[in-house]
Amino acid sequence: VGFEEFKKNIASGWVVTQLPMSAKVSIFPLGSLTATNIKNAIKPDELIKEVADIINELNGRLTTSELCKNTYDEYQKDPTQENKKKLKTTYEAIPEHNRIYVLGDQDHKDYAIRSIIYGEKF
């Protein structure tokens, strides 16, 4: 399906990211199961953001993480309020579950960015 149809499938509940307790799940052709120990991790809107990123990457366009990294570099060169606001906007455009590795350092996650925009200390 196209991207717009995919978004409609999420909105209608045909594609889900969060299962209710005891949901019946079919994994064709492997079989089916009843979900009992559920740990939902991704919100529907965040999946849409991630799919949009994948489409951009496949088409040679920048992902939200790459745009944020570029904005972070701009802020480092020119730490103005305008660039801080732009950094916050680009950081929050990244799917929530992908906001830990923008700067390429999994140990420090993105504390450098978050300390700028939210005042977090690391």
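This is a predicted model: local features need pLDDT of at least 70, side-chain atom pairs count only at pLDDT 80 or more; totals for chains, interfaces and linings use all residues.
**Helix H5 and its two partners**

Let's start with helix H5, residues 111–118, whose axis comes within 11 Å of the axis of helix H3, residues 64–77. H5 also packs with helix H4, which spans residues 81–93. The table sets out the two pairings.

| Helix pair | Axis separation | Angle | Handedness | Contact residues by class |
|---|---|---|---|---|
| H3 and H5 | within 11 Å | roughly 65° | left-handed | 6 nonpolar, 1 polar, no charged |
| H4 and H5 | 9 Å | about 125° | left-handed | 6 nonpolar, no polar, 4 charged |

The crossing of H3 and H5 is left-handed. On the H3 side, the contact is made by Cys-68, Tyr-72, Tyr-75 and Gln-76, while H5 brings Ala-112, Ile-113 and Ile-116. Those residues divide into 6 nonpolar and 1 polar, with no charged residue.

**The nonpolar cores**

In soluble globular proteins, nonpolar side chains tend to be buried together. Which residues make up the largest nonpolar core in this model? There are 11 in all: Cys-68, Tyr-72, Tyr-75, Leu-87, Tyr-91, Ile-94, Val-102, Ala-112, Ile-113, Ile-116 and Ile-117. H3, H4 and H5 are the elements that give two or more residues to this core, and H5 gives the most, with 4 residues.

Setting aside residues up to four places away in sequence, Ile-117 touches Lys-84, Leu-87, Lys-88 and Tyr-91.

**Lys-24 in strand E1**

Finally, Lys-24 is found in strand E1, which covers residues 24–27. Is Lys-24 buried or exposed? Its relative accessible area is 73%, and the cut-off for exposed is over 50%, so Lys-24 is exposed. Leaving aside neighbours within four places in sequence, Lys-24 is in contact with Leu-33 and Thr-34. Thr-36 lies 12 residues from Lys-24 along the chain, and the C-alpha atoms of these two residues are separated by 9.6 Å.

Definitions and conventions: Residues are numbered from 1 along each chain as its sequence is written. Side-chain values use heavy atoms; hydrogens and water are left out. Axes are lines fitted to C-alpha atoms, for helices over the stretch in contact, and angles run from 0 to 180 degrees between N-to-C directions. A crossing is left-handed if the near helix is turned anticlockwise from the far one by less than a right angle, and right-handed if clockwise. Contact means heavy atoms within 4.5 Å. Ala, Val, Leu, Ile, Met, Phe, Trp, Tyr, Cys and Pro count as nonpolar, Asp, Glu, Lys and Arg as charged, and the others, Gly among them, as polar. A nonpolar core is a set of buried Ala, Val, Leu, Ile, Met, Phe, Trp, Tyr and Cys residues joined through side-chain atoms within 4.5 Å. Buried means under 20% relative accessible area, exposed over 50%, partly exposed in between (1.4 Å probe, protein chains only).
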